[in-house]
There are 2 protein chains.
Amino acid sequence: MIPVEDAQQIVLAHTLVLPAVRVAFTEALDRVLAQTVYATENIPPFPASAVDGYAVVAADIEAVRWLVGEQMAGYVADFQVRPGTVARITTGAPLPSGADAVVMVEFTEERDGAVTIRRAVKAGDNVRPPGQDIARGEVVLPAGTLLSPAELGLLATVGQTEVQVYPAPRVAVMSTGNELVESGYLPGPGQIRDANRYSLMAAVRQAGALPIDLGIVRDRPGELEAQVRAGLEQADVLLTSGGVSMGELDLVKPLLERLGTVHFGRVNTKPGKPLTFATVGQKLAFALPGFPVSALVTFEIFVRPALLKLQGHTRLMRPVREVVLAHDVRHDPERTEFQRAIVVRQDNDYVASTTGFQGSGRLLSMVGANALLRLPSGQGNFAAGQRVQALIIGEVE
Amino acid sequence: MIPVEDAQQIVLAHTLVLPAVRVAFTEALDRVLAQTVYATENIPPFPASAVDGYAVVAADIEAVRWLVGEQMAGYVADFQVRPGTVARITTGAPLPSGADAVVMVEFTEERDGAVTIRRAVKAGDNVRPPGQDIARGEVVLPAGTLLSPAELGLLATVGQTEVQVYPAPRVAVMSTGNELVESGYLPGPGQIRDANRYSLMAAVRQAGALPIDLGIVRDRPGELEAQVRAGLEQADVLLTSGGVSMGELDLVKPLLERLGTVHFGRVNTKPGKPLTFATVGQKLAFALPGFPVSALVTFEIFVRPALLKLQGHTRLMRPVREVVLAHDVRHDPERTEFQRAIVVRQDNDYVASTTGFQGSGRLLSMVGANALLRLPSGQGNFAAGQRVQALIIGEVE
């Protein structure tokens with residue numbers, strides 16, 4: 001039985017970033033960039049008007065000047081702006097030849113081809129010089145950047161229509177147990193509906209990975225082995241739940257021992273004591289406990305960081321905050337426990353209330369939870385007002 | 001010209017939650033529930049063992065008892081446990097008739113059909129009574145619940161395979177401007193590549209909505225009207241960018257005035273002064289400014305809350321935190337300004353540094369930003385150490 005932190009480190013030590021793939025930039029949202037993107041041109045590529053108004057020669061002191069033409073965005077007009085003249089110009093249009101500043105339309109008056117300029121400007125005023133936003137040769141986005149909306153806009157701007165990114169890991173998910181029936185069925189005597197596959201596949205998706213549904217697998221060695229092999233073939237990561245406690249029918253761990261290397265089989269944590277982590281070649285396999293809360297909490301603590309690392313993320317862990325307990329909390333000093341809680345901000349503090357009965361089967365205790373309180377081993381019950389660490393897993397109001 | 005807060009309220013006042021749709025629960029991740037889900041059965045449905053061990057009669061005081069059989073998960077055995085006897089039982093299996101507690105396997109020894117019980121138990125120990133997790137008739141998930149992984153697991157558990165949810169809004173996105181070319185092309189003289197459609201479609205997707213690409217539309221009245229009509233037909237929301245400042249070619253606002261009702265056309269904010277919001281029937285239309293940063297920031301401030309409301313969310317605004325400025329910040333007192341910043345936690349404070357030159361065209365100023373500093377109108381420059389409000393738009397380390 002190993003401590004939580006050791007188990008987390010062992011998992012990450014065996015998790016390698018997936019090989020990068022080349023994708024259309026439009027498919028790259030929420031991916032991590034595996035290359036550095038440089039600008040091959042200046043942005044803007046030409047001196048461009050920042051406003052609607054009149055292109056002028058800044059040194060010109062005439063109050064009234066003649067209109068020589070109109071420079072709209074999208075092409076280059078063939079006239080020249082000289083002292084005594086101006087050209088109408090729109091936002092984003094290239095500054096016409098001869099002009100070196102733009103006067104905003106608000107400070108002008110145009111009548112019968114004559115334009116009154118009411119405000120003096122300096123050379124460069126209301127003009128975006130070439131390369132102001134991005135200079136040729138500049139690093140636009142370094143390798144390792146998470147591609148969010150602004151980053152996709154930048155890729156479009158510099159014409160980088162394909163990019164190297166780390167792909168979404170494929171994660172095969174199965175539930176094991178003779179008692180499980182599909183959610184569409186009425187359970188018979190001694191049966192219950194499978195919840196874990198659906199909650200885990202959703203958690204996989206929220207972690208940026210692609211779930212593959214391996215269905216419910218009975219506690220029969222042949223069937224289990226066939227599906228575990230199928231999962232490891234199609235996917236980068238295999239997730240099973242159920243079948244990892246101490247009963248005779250716990251078939252997953254021995255199977256993983258046969259197929260690859262089991263790095264640990266029990267972690268000193270609640271929920272999640274029976275938890276197996278194995279590698280088969282470079283593929284990862286997690287055998288999570290079968291209780292619905294245990295499966296989701298161990299996913300959060302051990303699997304999600306690995307899925308993020310596979311995708312090239314460097315921030316793998318949830319933010320940790322010190323929180324104040326709103327009420328007494330019972331805790332077994334022998335294990336590190338993760339209790340589901342709702343954390344709210346009160347003045348400068350974060351205050352945490354647990355979400356009712358914390359039974360491992362009670363998925364309702366996860367509903368609305370935005371934090372997991374981390375109650376360390378070595379200390380018993382906690383009193384209201386005490387401070388503990390919490391993993392923030394959702395938005396805090 | 002109206003204040004930011006008024007503009008936000010006007011938008012939300014004209015935004016109605018979309019009619020609910022019925023979907024498979026497996027398609028419901030990140031949707032908001034439009035119905036209340038009740039439990040029609042107890043979960044667990046039967047008294048179930050919480051551990052692997054032996055089912056016993058708690059009042060029985062014999063140290064050594066005879067094994068009468070094995071109760072595994074998934075069916076109901078037909079034997080009875082009476083004083084002087086025990087049955088082997090696995091986690092999740094129904095408690096056999098006659099038994100009222102389970103002794104963990106760690107506190108037992110089985111040899112030749114005789115089981116030594118080393119720890120006394122009370123009735124109910126290590127047994128999950130029917131309805132412990134969810135009682136028949138109980139509200140499992142109230143209407144308005146955001147469906148996350150645990151909630152999908154609950155829907156599976158109670159057999160609710162279809163649910164009423166608020167759908168993802170369809171959002172038609174176009175860029176307007178004669179200067180724009182597609183990202184795959186080399187811009188000619190006076191031309192630039194379109195960035196806004198890609199950054200806005202990505203932002204739409206991150207807000208839980210479905211983008212529809214209407215392409216680049218030239219500043220020609222006929223073409224623009226055809227595409228605006230096409231967008232309003234296919235989508236719940238129309239987003240344009242460009243063509244909303246004061247030039248003669250600003251065609252979007254007059255067109256929206258003709259097709260529907262324009263509620264405002266200018267907001268006292270930077271970036272984003274020229275910003276049109278209109279409704280056409282129950283559909284929303286936003287004409288965002290053309291500068292890449294302006295388009296994304298006005299999306300964040302005005303469009304995202306509306307997209308969330310359409311989906312039935314009730315928390316529409318980003319969390320706001322008081323932050324300490326790490327350096328002096330220049331600010332025009334005439335407008336409420338939103339500057340891009342990186343906020344980090346330092347001890348008990350949030351410290352904000354802006355992301356370099358804040359030009360409206362400089363998308364690089366959005367890269368890595370996890371906050372928008374809100375610099376209120378009525379006050380000029382801010383000094384290092386001053387406290388301002390910030391919208392938290394990304395994870396804070």
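Predicted model: local features only at pLDDT ≥ 70, side-chain atom pairs only at ≥ 80, totals over all residues.
Let me start with the loop between strand S2 (37-38) and strand S3 (48-49) of chain A, which is where Pro44(A) is found, with strands taken as DSSP runs of E of at least two residues and helices as runs of H or I of at least four, both numbered from the N terminus. Ile43(A) and Pro44(A) are joined there by a cis peptide bond, with omega about -10°. A cis bond also joins Lys270(A) to Pro271(A), omega being about -5°, and Pro271(A) sits in the loop between strand S19 (269-270) and strand S20 (274-280) of chain A.

Residues are numbered from 1 along each chain as its sequence is written, chains are lettered from A in the order in which they are written, and side-chain values use heavy atoms, with hydrogens and water left out.

Turning to chain B, Asp112(B) has a positive phi of about 50° although it is not a glycine, and it lies in the loop between strand S8 (108-111) and strand S9 (114-117). Its relative accessible area is 73%, so Asp112(B) is exposed, where exposed means over 50%, buried under 20% and partly exposed in between, computed with a 1.4 Å probe on protein chains only. Asn126(B), in the loop between S9 and strand S10 (127-128) of chain B, has a positive phi near 60°, and at 27% Asn126(B) is partly exposed.

Now to the interface. Chain A and chain B each give 82 residues to the contact, contact meaning heavy atoms within 4.5 Å. About 6,600 Å² is buried between them, 60% of it from carbon and sulfur atoms; buried area here is the accessible area (1.4 Å probe) that two parts lose on being put together, summed over both. Six salt bridges are found across this interface, each a side-chain nitrogen of Lys or Arg within 4 Å of a carboxyl oxygen of Asp or Glu, and one of them pairs Arg315(A) with Glu397(B) at 3.0 Å, N to O. Among the elements that give two or more residues to the side of chain A that touches chain B are helix H2 (149-157) and helix H3 (196-206), and H2(A) gives the most, with eight residues.

What, then, surrounds H3(A)? Nine of its 11 residues are buried, so H3(A) is largely enclosed by the rest of the structure. Those buried residues pack against several elements of chain A, including strand S13 (170-176) and helix H6 (292-310), together with helix H2 (149-157) of chain B. Ser199(A) is in this helix and counts as buried, at 0% relative accessibility. Leaving aside neighbours within four places in sequence, Ser199(A) is in contact with Leu296(A), Pro149(B), Ala150(B) and Gly153(B). After H3(A) comes Gly208(A), with a positive phi near 85°.

I will finish with helix H5 (residues 252-259) of chain B, in which Val252(B), Leu255(B), Leu256(B) and Leu259(B) are buried. Seen down the axis of H5(B), its buried residues fall within an arc of 100°, so they line one face of the helix, the arc being that of the directions from the helix axis to the C-beta atoms. Among the elements that cover these buried residues are helix H4 (221-234) and strand S18 (261-266) of chain B.
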